[in-house]
Amino acid sequence: MQDLETRERDAGATARPSRPSALRRAGRALTPLVWLGPSLVLITVVVLWPVVEMVRTSFQKISSSGVTLGGNGTTNYTDLFDEDDLIPVVLRTLGWVAGIVITTMVLSLAIGQLLNSRFPGRRIVRWTVIVPWAASVLMTSLIWKWMLDNYSGLVNRVLLDLHLIDEPVNWLAHPWQAMLWMMWVAVFVSLPFASFVILAGLQTIPEDVYEAARVDGAGALRTYFGITLPLLRPSIMIASIINVINVFNSFPIIWAMTGGGPGHSTDTTTTFMYKLAFYDQNVGESGAMAVVNFVLILAMVLMYLRAARWREEVR
């Protein structure tokens with residue numbers, strides 16, 4: 001009997017330490033949540049909650065004063081897809097984003113290479129490149145609108161003095177000309193960020209790689225396309241994705257220079273969304289347009305990432 005009690009006592013003594021060890025394991029497993037918790041809360045409040053509210057708004061009927069009048073089913077989406085201007089606006093937006101992002105990335109590769117080379121006054125040039133990015137986008141757009149004025153604008157005056165045009169041109173009155181000028185302004189304000197991302201990527205490439213290429217007899221073009229560009233892939237991807245999102249949601253440039261007019265001829269999805277809410281007084285339909293805009297951005301980013309991954313797998 002004593003042997004049985006002794007065995008039970010020993011078994012209890014050996015079993016008791018396992019409980020604290022299980023608690024310690026659980027504590028170690030939950031420790032990352034202490035550090036990740038604030039980030040998760042911030043992401044939920046700043047990112048996820050607005051997205052949920054945007055989707056919820058697109059299914060409700062909301063008055064012009066912002067009062068929710070109840071659910072509206074899919075009527076907002078039906079009304080949106082019945083808009084005659086929707087398809088032209090979406091196609092124009094896709095062209096707007098593709099043209100600006102491609103032009104920006106090509107020019108930023110050249111500017112980044114220039115800023116990475118050694119020359120007198122390099123620091124001053126680097127600070128100068130930042131200026132369009134540091135300045136207000138709205139003020140930059142208004143300055144360019146003044147420069148393109150058909151009577152007092154600097155562009156017409158220079159072209160007239162050079163005898164390249166015979167009479168002043170109202171550049172922003174013609175949709176295609178206006179879109180090209182606004183795309184140029186968007187490239188102008190997007191270049192600094194993309195150029196400095198490329199510059200940061202160039203500065204991470206080891207010099208030993210270039211020395212090995214020179215020893216192998218590789219020329220400048222072969223070195224650039226065989227070494228520099230592949231090693232810049234992460235920087236190019238980051239700059240491209242952020243530019244796609246920024247350009248897709250670009251509002252001040254278009255609104256300050258043309259207001260999306262005449263009519264909807266220079267609207268993108270962002271300005272079209274604004275007009276639905278404040279001109280047509282249809283907040284629900286504007287919310288539906290916001291959801292469509294959000295889906296288009298996600299689709300473009302995912303397509304770009306998939307294409308970049310496909311090229312990497314092929315190589």
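**Figure 1. Helices α9 and α10 cross in a right-handed sense.** In this predicted model, helix α9 spans residues 207-215 and helix α10 spans residues 220-231. Their axes come within 11 Å and cross at roughly 145°. Axes are lines fitted to C-alpha atoms, for helices over the stretch in contact, and angles run from 0 to 180 degrees between N-to-C directions. From α9, V209, Y210 and A213 meet T223, I227 and T228 of α10. Contact here means heavy atoms within 4.5 Å. The contact residues divide into four nonpolar, two polar and no charged. Ala, Val, Leu, Ile, Met, Phe, Trp, Tyr, Cys and Pro count as nonpolar, Asp, Glu, Lys and Arg as charged, and the others, Gly among them, as polar.

**Figure 2. Helix α4 packs against helix α8.** Helix α4 covers residues 86-116, and helix α8 covers residues 175-203. Their axes lie 6 Å apart, at an angle of about 45°. That angle makes α4 oblique to α8. Angles under 35 degrees count as roughly parallel, over 145 as roughly antiparallel, 65 to 115 as roughly perpendicular and the rest as oblique. The crossing of α4 and α8 is right-handed. Its contact residues comprise 18 nonpolar, eleven polar and one charged.

**Figure 3. N156 is a buried residue of helix α7.** The helix runs over residues 154-161. Why does N156 count as buried? Its relative accessibility is 1%. Buried means under 20% relative accessible area, exposed over 50%, partly exposed in between (1.4 Å probe, protein chains only). The side chain of N156 makes a polar contact with the side chain of W171, at 3.1 Å. A polar contact is a pair of N or O atoms within 3.5 Å; within protein, one must be able to donate a hydrogen and the other to accept it, and residues adjacent in sequence count only if both atoms are side-chain atoms. Leaving aside residues up to four places away in sequence, N156 touches M147, L148, D149, N150, I165, P168, V169 and W171.

**Figure 4. N72 sits in the loop between β2 and α3.** Strand β2 is 68-71, and helix α3 is 75-81. The side chain of N72 makes a polar contact with that of N76, at 3.1 Å. Beyond residues up to four places away in sequence, N72 touches F59, Q60 and K61.

Figure 5. H163 lies between α7 and α8. At 69% relative accessibility, H163 counts as exposed. Q281 lies between α13 and α14 (283-314). With a relative accessible area of 41%, Q281 is partly exposed.

**Figure 6. The peptide bond from G261 to P262 is cis.** Its omega is near 0°. P262 belongs to the loop between α12 (252-257) and α13 (269-278).

**Notes to all views.** The protein has 14 helices and two strands. Helices (H or I, at least four residues) and strands (E, at least two) are DSSP runs, numbered from the N terminus. Of its 315 residues, 35% count as buried. Residues are numbered from 1 along each chain as its sequence is written, and side-chain values use heavy atoms, with hydrogens and water left out. Local features need pLDDT of at least 70 and side-chain atom pairs count only at pLDDT 80 or more, while totals for chains, interfaces and linings use all residues.

How values were computed
Left-handed = near helix turned anticlockwise from the far one by under 90°.
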